[in-house]
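Dear colleague,

Please find below the structure that I am handing over to you. My notes on it follow directly after the display.

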Amino acid sequence: MHTSTHTVLYDPDGLIEAELPLDREPYECLVKAVLAWTGEDTLAVRDYEQIGLQLTGHARAVASDVRRRADQLPKSSGRRALANVVLREAEGRLSATIEGTMRCVQNRARLVRALYERLDRLEAALAPETVAPSGG
């Protein structure tokens, strides 16, 4: 008798995830707030760790989008090469253990910001060019 209500999906290329838009605004607000922090650490270590986990998860999601967009460009594209450099650096930074410090959380926030900047540039490169109507 089969009583499981769970469905296991096999999606090695992340295509299901690609169809879901990132909820960008709340994370951009979080990044802005985290980068505005100055002075002494004012939050508890656990709070910094939780914020770091949130930013890490979102950075991974944005990195996946960057990778998908970059893969749509020709292999000889300079934008694709630069995206791959950014992705390699992101992988290295994301592999570091999260510390419960303001410095660590701010570094994760900078990473999210950099990934969004690269994503925006890739999307602009992939957008169809608009042709101005001719007047004659």
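Helices α3 and α5 are roughly parallel to each other, because angles under 35 degrees count as roughly parallel, over 145 as roughly antiparallel, 65 to 115 as roughly perpendicular and the rest as oblique. Their axes cross at roughly 20° and come within 9 Å. Here an axis is a line fitted to C-alpha atoms, for helices over the stretch in contact, and angles run from 0 to 180 degrees between N-to-C directions. The crossing of α3 and α5 is left-handed; a crossing has this name if the near helix is turned anticlockwise from the far one by less than a right angle, and is right-handed if clockwise. By class, the contact of α3 with α5 involves 18 nonpolar, three polar and five charged residues. In this scheme Ala, Val, Leu, Ile, Met, Phe, Trp, Tyr, Cys and Pro count as nonpolar, Asp, Glu, Lys and Arg as charged, and the others, Gly among them, as polar. Contact itself means heavy atoms within 4.5 Å.

Please keep in mind that this is a predicted model, in which local features need pLDDT of at least 70 and side-chain atom pairs count only at pLDDT 80 or more, while totals for chains, interfaces and linings use all residues. Residues are numbered from 1 along each chain as its sequence is written, and side-chain values use heavy atoms, with hydrogens and water left out.

The overall plan

The chain contains five helices and zero strands, and its pattern along the sequence is α-α-α-α-α. Helices (H or I, at least four residues) and strands (E, at least two) are DSSP runs, numbered from the N terminus. The chain has 136 residues, of which 29% count as buried. Buried means under 20% relative accessible area, exposed over 50%, and partly exposed in between, with a 1.4 Å probe and protein chains only. Among contacts between residues at least 6 apart in sequence, 75% join residues at least 24 apart.

The other helix pairs

Helix α4 (residues 78-95) packs against helix α5 (residues 102-126) at an angle of about 160°, and their axes are 11 Å apart. Helices α4 and α5 are therefore roughly antiparallel to each other. Their crossing is left-handed. Among the residues that make this contact are Leu82, Val86 and Leu87 of α4, together with Leu111, Leu115 and Leu122 of α5. The residues of the contact of α4 with α5 divide into ten nonpolar, one polar and six charged.

Helices α2 and α3 have axes that come within 11 Å and cross at roughly 130°; the two are therefore oblique to each other. Helix α2 passes α3 in a left-handed crossing. Tyr27, Leu30, Val31 and Val34 in α2 meet Ile51, Gln54, Leu55 and His58 in α3. The contact of α2 with α3 has six nonpolar, two polar and no charged residues.

The nonpolar core

A nonpolar core is a set of buried Ala, Val, Leu, Ile, Met, Phe, Trp, Tyr and Cys residues joined through side-chain atoms within 4.5 Å. The largest one has 24 residues, and those with the most contacts inside it are Leu55, Val66 and Leu115. Helices α2 (24-36), α3 (45-71), α4 and α5 each supply at least two residues of this core. The largest share, nine residues, comes from α5. Not counting residues up to four places away in sequence, Leu55 touches Leu30, Val31, Val105, Arg108, Ala109 and Val112.

Individual residues

Leu119 lies in helix α5 and is buried, with a relative accessible area of 3%. Beyond four places in sequence, Leu119 touches Val62, Asp65, Val66 and Arg69. The C-alpha atoms of Leu119 and Arg67 are separated by 8.9 Å, although these residues are 52 apart along the chain.

Arg69 belongs to helix α3 and is partly exposed, at a relative accessible area of 23%. Leaving aside its neighbours within four places in sequence, Arg69 is in contact with Leu119, Leu122, Glu123 and Leu126. From C-alpha to C-alpha, Arg69 and Glu123 are 7.0 Å apart in space, and 54 residues apart in sequence.

Thr56 is also found in helix α3 and counts as buried at 7% relative accessibility.

Yours sincerely
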